[in-house]
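Hi,

Here is the structure I promised to pass on to you.

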Number of protein chains: 2
Amino acid sequence: MKNGQPDPADKLEQELRRGVLTLAVLSQLRDAQYGYSLRQALAGKDMPIEEGTLYPLLRRMEEQGLLKSEWRIEDGPPRRYYVLSPEGRKVFERLSTNWRGLVGTVEKLVTEGES
Amino acid sequence: MKNGQPDPADKLEQELRRGVLTLAVLSQLRDAQYGYSLRQALAGKDMPIEEGTLYPLLRRMEEQGLLKSEWRIEDGPPRRYYVLSPEGRKVFERLSTNWRGLVGTVEKLVTEGES
DNA sequence: ACAATATACTGTGTTATGCTATGTATAGGG
DNA sequence: CCCTATACATAGCATAACACAGTATATTGT
């Protein structure tokens, strides 16, 4: 049955998180991880991501040269491990800086709006 | 012809700002403003927004009940003034809180990733 | 008076993204 | 042998930001 009229704020909160997803992924892939474990790790750190979001995101990021990946066969099914490329490390630095700038800007706007 | 390979980081930075736009607008509309002046104000506070982004955003936010608007005729051309609705004020509070939570979460992820 | 510019808003089309839903396949427990 | 958890993939949908173009009024310079 769900909620008849979804609070618009829900969608807005989702939009808020949107741009952060790539940054979150970058932050976790200094050491190689596969998609599923990455998802668990992020969920455990208050940054849950849907499968249908994460897997395409990882592929996209590899296409953009931010990540490298390889299949590994251990115990269990084959897993695709992802890790930052050198380019990915640079983009992570840059995006982190940019993020902090944004945080400062928004903080000013918001506190001012609360006055 | 433009640039053949735009830096992927540019797009990512844009995505970062994306979700914040609504919050930024909400923060500025305690007192009524019209689109053009709002755009100037935000640009002056390090939060520039394209016209093609801002005007549809304002309309959407009004549809969602976050803003109220009215045409006013003063000197100069008619201007559509926007201001927060009661609902908009509530959403602004809620989104601000949510934003700060997100900032904390990301901060942890990022600093950890830098270690 | 006229042209040029700044102001102010609108509309169209493109592109990118997140999510839901679904599908595939393997591993392990009861 | 089913059922769940693990692990990855993808098609389809809705939304949103931007580039670009268009409309119209006000102001300024000459």
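Predicted model: local features only at pLDDT ≥ 70, side-chain atom pairs only at ≥ 80, totals over all residues.

Residues are numbered from 1 along each chain as its sequence is written, and chains are lettered from A and ligands numbered from 1 in the order in which they are written.

**Chain A**

You'll find 5 helices and 3 strands in chain A (DSSP runs, H or I of at least four residues for helices and E of at least two for strands, numbered from the N terminus). Along the sequence they come in the pattern α-α-β-α-α-β-β-α. The C-alpha atoms of chain A fill a box of roughly 55 × 45 × 25 Å along the principal axes. Chain A has a radius of gyration of 17 Å, whereas a compact globule of 115 residues would be near 13 Å (this is taken over C-alpha atoms, and the globule rule is 2.2 Å times the number of residues to the power 0.38). Of the 115 residues of chain A, 27% count as buried, that is, with 20 or more other C-beta atoms within 10 Å of their own C-beta, all placed from the backbone.

**Where the chains meet**

How many residues does each chain bring to the contact? Chain A gives 37 residues and chain B gives 37 residues (in contact means C-beta atoms, placed from the backbone, within 7 Å). On the chain A side, helix 1, helix 2 (20-28) and helix 5 (86-114) each give two or more residues.

Chain B has an open sheet of 3 strands, in the order 1-3-2, with antiparallel pairing (two strands pair if DSSP finds at least two bridges between them). Strand 1 (33-34) and strand 2 are the edges, each pairing on one side only. Strand 2 (residues 67-72) and strand 3 of chain B share 6 bridges, and one to look up is S69(B) with its partner Y82(B). On the other pairing, strand 1 and strand 3 of chain B have 2 bridges, and Q33(B) stands opposite Y82(B). Strands 2 and 3 of chain B also make a hairpin with 6 residues between them, and G76(B) in the turn has a positive phi of about 75 degrees.

**Around the DNA**

Which residues come closest to DNA strand C? They are G52(A), T53(A), Y34(B), G35(B) and Y36(B), out of 27 that surround DNA strand C (near means a C-beta atom, placed from the backbone, within 6 Å). Helix 4 of chain A gives the largest share of that surface, 6 residues. By class, the surface has 9 nonpolar, 8 polar and 10 charged residues; Ala, Val, Leu, Ile, Met, Phe, Trp, Tyr, Cys and Pro count as nonpolar, Asp, Glu, Lys and Arg as charged, and the others, Gly among them, as polar.

Now for DNA strand D: 27 residues lie around it, with Y34(A), G35(A), Y36(A), G52(B) and T53(B) nearest. Here helix 4 of chain B gives the most, with 5 residues.

Cheers

Notes. Contact = placed C-beta atoms within 7 Å. Buried ≥ 20, exposed ≤ 12 C-beta atoms within 10 Å, placed from the backbone.
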